[in-house]
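Colleague: Hi! Could you walk me through a pair of helices in this one?
Modeller: Happy to, here it comes.
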Amino acid sequence: MRVLGVDPGLTRCGVGVVEGVAGRPLAMLGVGVVRTPADAELGHRLVAIEQGIEEWIDTHRPEVVAVERVFSQHNVSTVMGTAQASAVAMLCAARRGLPVALHTPSEVKAAVTGSGRADKAQVGAMVTRLLRLAEPPRPADAADALALAICHIWRAPAQNRLQQAVALHAQHAPKGRTR
């Protein structure tokens, strides 16, 4: 499975492509950051993020796009920018017919480090180790994008089995019965 991980942000939008399957060594195919100037008009920044993500999709041909799920923060302007960049990533994937998977920061940290409370340094160190890199990707947004891709590769098989079980249960449940 080839996954484009996107750590959304208006100034720095981390992107990383990982290929592999759960239980096997993973390979990093690319990592980087789509940057926009903080003083640029919002619409222009969103277009720049779109163009950057489209270029990554064209270059690496992922099968899935994994995006960090926006969560509540105290800083509303940060949440808004993250949500807008996240929506651009989802739009780019949908336009190509690519499935989008959303993972919370704590899910990603837990998948990669074993702790949902890991800090950025721990995530970067584990990404470096798991992908057999010489050094942690910089900036942290790039490492976070790779962590999203790794998380999805590892979690997708279990999520798919769960979805199939729910669908099968729904097909065989008595009709008209509510709980």
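Modeller: A definition before we start: angles under 35 degrees count as roughly parallel, over 145 as roughly antiparallel, 65 to 115 as roughly perpendicular and the rest as oblique. Also, keep in mind that this is a predicted model.
Colleague: Noted. At what angle do H3 and H4 pack?
Modeller: The angle is about 50°, and their axes are 9 Å apart. H3 and H4 are therefore oblique to each other.
Colleague: And which hand does the crossing of H3 and H4 have, left or right?
Modeller: That crossing is left-handed. On the H3 side, Lys109, Val112 and Thr113 make the contact, and H4 supplies Gln122, Val123, Met126, Val127 and Leu130.
Colleague: Which residues of H4 are buried?
Modeller: H4 covers residues 120–130, and its buried residues are Val123, Gly124, Val127 and Thr128. Looking down the axis of H4, they fall within an arc of 135°, so they line one face of the helix. An α-helix has 3.6 residues a turn, so residues three or four places apart point the same way.
Colleague: What sits on the face of H4 turned away from the buried side?
Modeller: You'll find the exposed residues Ala121 and Arg129 there.
Colleague: What caps the N-terminal end of H4?
Modeller: Asp119 does, with a side-chain oxygen 3.2 Å from the backbone nitrogen of Ala121.
Colleague: Nice. Back to H3: which residues are buried there?
Modeller: H3 runs over residues 105–113, with Pro105, Val108 and Val112 buried. Seen down the H3 axis, these fall within an arc of 65°, so they line one face too.
Colleague: What follows H3?
Modeller: Gly114, which has a positive phi, near 95°. Gly114 belongs to the loop between H3 and H4.
Colleague: Is Gly114 buried or exposed?
Modeller: Exposed: its relative accessible area is 64%, and the cut-off for exposed is over 50%.
Colleague: Changing topic, where is Arg132 found?
Modeller: In the loop between H4 and helix H5, which is 140–172.
Colleague: What is Arg132 in contact with, leaving aside neighbours within four places in sequence?
Modeller: Pro25 and Leu26. The Arg132 side chain reaches the backbone oxygen of Leu26 at 2.9 Å.
Colleague: Great, thanks for the tour!

Key: Residues are numbered from 1 along each chain as its sequence is written. This is a predicted model: local features need pLDDT of at least 70, side-chain atom pairs count only at pLDDT 80 or more; totals for chains, interfaces and linings use all residues. Side-chain values use heavy atoms; hydrogens and water are left out. Buried means under 20% relative accessible area, exposed over 50%, partly exposed in between (1.4 Å probe, protein chains only). Helices (H or I, at least four residues) and strands (E, at least two) are DSSP runs, numbered from the N terminus. The arc is that of the directions from the helix axis to the C-beta atoms. A polar contact is a pair of N or O atoms within 3.5 Å; within protein, one must be able to donate a hydrogen and the other to accept it, and residues adjacent in sequence count only if both atoms are side-chain atoms. Axes are lines fitted to C-alpha atoms, for helices over the stretch in contact, and angles run from 0 to 180 degrees between N-to-C directions. A crossing is left-handed if the near helix is turned anticlockwise from the far one by less than a right angle, and right-handed if clockwise. Contact means heavy atoms within 4.5 Å.
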